[in-house]
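Q: Please take a close look at a single part of this model. I would like to know what surrounds that part and what it is paired with.

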Amino acid sequence: AVLSLGAIDDFDTTFINGVKVGATGKETDTWWHAKREYPVPAGLLKAGANTVAVRVWDHTGDGGFAGNTDDLTLRIENGGSVP
């Protein structure tokens, strides 16, 4: 599966069910508007409710999620998607 979050201004660390699945910081060019896509390790998702937590750190100016709600998806390997 792949978790897509769209752009986040500025930095983020993202977790699913308490496990870190990705992070974007100063090492990424144009971090303030880079679209986030993080692979989800096999076996991490469970039947029923799962918890996605995103820690956002704003360096300067307005911060937070900067994309559209359409950018927030969880794509499953079989081609399915959970908005």
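The part to examine is strand 1 (residues 2–9).

A: The model is predicted, not experimental.

Burial comes first. Of the eight residues in strand 1, seven are buried, so this strand is largely enclosed by the rest of the structure.

Next is the core. Nine residues make up the largest nonpolar core: Leu 3, Leu 5, Ile 8, Ile 16, Val 21, Tyr 38, Val 40, Leu 44 and Leu 74. Strand 1 supplies three of these residues, which is the largest share. As a general point, nonpolar side chains in soluble globular proteins tend to be buried together.

Strand 1 also has partner strands. With strand 4 (residues 35–39) it pairs in the antiparallel sense, over five bridges. Within that pairing, Gly 6 is found opposite Arg 36 of strand 4. Strand 7 (residues 73–75) is another antiparallel partner of strand 1, joined over three bridges. Here Val 2 has Arg 75 of strand 7 as its bridge partner. Strand 6 (residues 64–65) also runs antiparallel to strand 1, and two bridges join them. In this case Asp 9 stands opposite Gly 64 in strand 6.

What of the aromatic rings? The count of aromatic pairs in the model is three. In one of them, the ring centres of Phe 11 and Trp 31 are 5.4 Å apart and the planes are at 35°, so the pair is tilted. Phe 11 belongs to strand 2 (residues 11–16), while Trp 31 lies in the loop between strand 3 (19–24) and strand 4; the two are 20 residues apart, and the pair links distant parts of the chain. Phe 11 has a relative accessibility of 10% and counts as buried. Trp 31 is buried as well, with a relative accessible area of 18%.

Phe 11 also pairs with Trp 57, and this aromatic pair is stacked, with 5.2 Å from centre to centre and 5° between the planes. This pair too links distant parts of the chain, since Trp 57 is in strand 5 (residues 52–57), 46 residues apart from Phe 11 in strand 2. Trp 57 counts as partly exposed because its relative accessibility is 48%. Together, Phe 11, Trp 31, Trp 32 and Trp 57 form one aromatic cluster.

Terms used
Residues numbered from 1 in each chain as written. Predicted model: local features only at pLDDT ≥ 70, side-chain atom pairs only at ≥ 80, totals over all residues. Heavy atoms only, no water. Core = buried A, V, L, I, M, F, W, Y, C linked by side-chain atoms within 4.5 Å. Buried < 20%, exposed > 50% of the residue type's maximum accessible area, 1.4 Å probe, protein only. Helix = DSSP H or I, 4+ residues; strand = E, 2+ residues; numbered from the N terminus. Pairing = 2+ DSSP bridges. Phe/Tyr/Trp six-rings, centres within 6.5 Å; stacked < 30°, edge-to-face > 60°.
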